[in-house]
Amino acid sequence: MKKLKWNQRHPITIFLHASMMLLGTMLTMHPVMLFLSLIGAFMYGMVIEGKKWWQQFRWCIWIFAIEMLFFPCFRHNGVTPIASIGGQAITLESVLYGFFMSILLISSYAWFRVISFWIDEERLLYLFGSIWSSFGLLLSMIFRFLPMLRQRYREIQEVQRGLGRGNKNLSLPEQIYLFGKNSSTLISWALEHTIETTISMESRGYGIGKRTTFHRFVFRLQDVFWCIGMIALEMIWGLGFIKRYYVMYYFPALEMQWNSKTQFGIIIYAIGMFSVAVTELCVFMFRKKEVS
Amino acid sequence: MTKRYKKIVLCVLIGILLIFTFSQYLGKSKENYRIKHAEDLNISDKTVTLCIRCDTILQHYSMLQENLQKETFVPQDGIILKDTTFVLFPGDTAFDLLQRATKRYGIQMEYRGSYTGKISGNYIEGINFLYEFSCGKDSGWMYMVNGDFPNYSCSQYPLKNKDKIVFAYTCERGKDLGIHYDRK
């Protein structure tokens, strides 16, 4: 992975852009927008990984196969029949719907892949650590607690067996007595452990109140510009989406909206999709010239 | 995934497709004969009439999907197939009649079969590109025989001589067709 200019931005900026790209891809079924999104994701992927990027998309042929061959077998809506299966027609519309659906799936997969390069563990922790920290601690403690209890119960059993009490041929009342003894030992041990952990957590500063974690991200002026620009773009696009300017009907007949409002929306969509990739490409080209 | 495995999967896929495409030509000669002579009243004296209509949509036209608001999908009088007399062949159900009529007149029809449970039978998803939920969330196709709405699938309703069958589109779960659910 190469060093990227975009990765120096603040995690909030990166997250905002990533979520907007994903939303814009997943919400629309307009073919032009889907192609733009696919091209945008692939441009960025090529900058990041180069030729290696294409190798990740070999299995996408199977998505096309499933969506374009199997989906039409189960949906027979559409004006132009091509063939028929079991007395019901396979239509061109459902094949095309499958095609664009698979493009949607592939482009959202590509965006997720790109985002995994943008947001690494440190940034993820910075973004969600403040919201979910106590919940995460609780979960991790619970997940640790259950296997620990099981292991300790096994240890207690071993000790009892070593003392000569855990033979296999015991009568039922004796077994019940032994089980009660073991479990009471286990519970007292667990309580002891929780007291220990609370003491250690307290001594490390848990529960004091306002605590901060170290991070090395700075919210610069450029981030402010990026954030404002992206939110403005997304709001204009979202307004058109709510007012249904970018609707594409696949059933029963293909019907694509293509008026001036749609074209405006598509231009805004393209700016959003390509902005980061284009700036990155410019930086990339510039650097190459510097070396040579 | 090895190359051999890929080849096997591809072969299976193509095979399934071929079987599906050619299955319609097997054992369908009887049905083809029936479609050809569906209105040939010289064959037998037993007849039924069928009518397909969607006039309830005209009252709820604004609720209909935008791209369906055309005369090719919703005719002006709301009648897709006017009262037509068909020959009743032995063992015919209401679904068989509908399928024969739609094939004969080139009307698009999609159904979904279910084979599980007590209420097995075919469910009519859409006729003439008007599908369930195309006109509001309570819309879909219903059928009535001699003015009654049978409460089970049309592929389980055996027809009798001189039955009058109507397939009608509803936008209010049958209320606009005259069904009133009594509260007991």
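**Briefing: a predicted model with chains A and B**

In chain B, strand 4 (residues 121-127) and strand 5 (residues 130-131) run antiparallel and are joined by 2 bridges. The model is predicted. Chain A is assigned two stretches as domain 1, 6-124 + 220-291, and one as domain 2, 136-203. Chains A and B touch: 13 residues of chain A are in contact with 11 residues of chain B.

**Hairpin in chain B**
- Ile127(B) has Leu130(B), in strand 5 of chain B, as its bridge partner.
- The hairpin of strand 4 and strand 5 of chain B has 2 residues between the strands.
- Asn128(B) takes a positive phi in this hairpin, near 55 degrees.

**Contact between the chains**
- On the chain A side, 13 residues meet 11 residues of chain B.
- Two elements of chain A give two or more residues to that side: helix 4 (60-74) and strand 1 (81-85).
- Strand 1 of chain A supplies the largest share, 3 residues.
- By class, the side of chain A that touches chain B has 6 nonpolar, 6 polar and 1 charged residues.

**Helix packing in chain A**
- Helix 1 (residues 11-27) and helix 5 (residues 92-118) of chain A have axes that come within 9 Å.
- Those axes cross at roughly 175 degrees, so helix 1 of chain A is roughly antiparallel to helix 5 of chain A; the cut-off for that label is an angle over 145 degrees.
- From helix 1 of chain A, the contact uses Ile14(A), Ala18(A), Met21(A), Leu22(A), Thr25(A) and Met26(A).
- From helix 5 of chain A, the contact uses Leu104(A), Ser107(A), Ser108(A), Trp111(A), Ile115(A) and Trp118(A).
- By class, this helix contact has 9 nonpolar and 3 polar residues, with no charged residues.

**Domains of chain A**
- Domain 1 of chain A covers 6-124 + 220-291, and domain 2 of chain A covers 136-203.
- The C-alpha centres of the two domains lie 53 Å apart.

**Val32(A)**
- Val32(A) sits in helix 2 (residues 31-49) of chain A.
- Asn7(A) is 25 residues from Val32(A) along the chain, and their C-alpha atoms are separated by 29 Å.

Conventions: Residues are numbered from 1 along each chain as its sequence is written. Chains are lettered from A and ligands numbered from 1 in the order in which they are written. This is a predicted model: local features need pLDDT of at least 70, side-chain atom pairs count only at pLDDT 80 or more; totals for chains, interfaces and linings use all residues. Helices (H or I, at least four residues) and strands (E, at least two) are DSSP runs, numbered from the N terminus. Two strands pair if DSSP finds at least two bridges between them. Domain bounds come from an automatic or database domain assignment. Two residues are in contact if their C-beta atoms, placed from the backbone, lie within 7 Å. Ala, Val, Leu, Ile, Met, Phe, Trp, Tyr, Cys and Pro count as nonpolar, Asp, Glu, Lys and Arg as charged, and the others, Gly among them, as polar. Axes are lines fitted to C-alpha atoms, for helices over the stretch in contact, and angles run from 0 to 180 degrees between N-to-C directions. Angles under 35 degrees count as roughly parallel, over 145 as roughly antiparallel, 65 to 115 as roughly perpendicular and the rest as oblique.
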